[in-house]
Amino acid sequence: MPDVKCNVSECSYNSNLKCAAPMIEIAKNNTAAANKSDETKCETFKR
Ligand code: SF4
């Protein structure tokens, strides 16, 4: 997986603003077809 920079520092997988999860799942965020990044979300997020 490429390096993933992530500013969601409160996520359990976040390590110095990089994602340390072995794999992440990204999904559409309450839309049938995403047109901008706001319409996507990280499903792997864990508090
Ligand atoms: S799992 Fe998602 S929210 Fe958590 S650090 Fe990785 S990319 Fe960010």
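The shell around the ligand in this predicted model divides into 10 nonpolar residues, 2 polar ones and no charged ones, where Ala, Val, Leu, Ile, Met, Phe, Trp, Tyr, Cys and Pro count as nonpolar, Asp, Glu, Lys and Arg as charged, and the others, Gly among them, as polar. The residues that surround the ligand are Val4, Cys6, Val8, Cys11, Tyr13, Asn14, Cys19, Ala21, Ile24, Cys42, Thr44 and Phe45, a residue being taken as near a molecule if its C-beta atom, placed from the backbone, lies within 6 Å of it.

Because the model is predicted, local features need pLDDT of at least 70 and side-chain atom pairs count only at pLDDT 80 or more, whereas totals for chains, interfaces and linings use all residues. Residues are numbered from 1 along each chain as its sequence is written.

As for the fold, the protein has 0 helices and 4 strands, and along the sequence the pattern reads β-β-β-β; helices (H or I, at least four residues) and strands (E, at least two) are DSSP runs, numbered from the N terminus. Taken along the principal axes, the C-alpha atoms of the protein fill a box of roughly 30 × 20 × 15 Å.

Of the 47 residues of the protein, 2% count as buried, a label for a residue with 20 or more other C-beta atoms within 10 Å of its own, while a residue with 12 or fewer is exposed and one in between is partly exposed, the C-beta atoms being placed from the backbone. Cys19, which belongs to strand S2 and to the surroundings of the ligand, counts as buried because it has 20 C-beta neighbours inside 10 Å. Leaving aside residues up to four places away in sequence, Cys19 touches Val4, Cys6, Tyr13, Asn14 and Ile24, where contact means that the C-beta atoms of two residues, placed from the backbone, lie within 7 Å. Val4, Cys6, Tyr13, Asn14 and Ile24 are also listed among the residues that surround the ligand. Among contacts in the protein between residues at least 6 apart in sequence, 18% join residues at least 24 apart.

Two loop residues complete the tour. Asn16 lies in the loop between strand S1 (14-15) and strand S2 (18-19), and its phi is near 55 degrees, a positive value in a residue other than glycine; Asn16 is exposed, with 6 other C-beta atoms within 10 Å. Asn30, in the loop between strand S3 (26-28) and strand S4 (40-42), has a positive phi of about 55 degrees although it is not a glycine, and Asn30 is exposed, with 8 other C-beta atoms within 10 Å.
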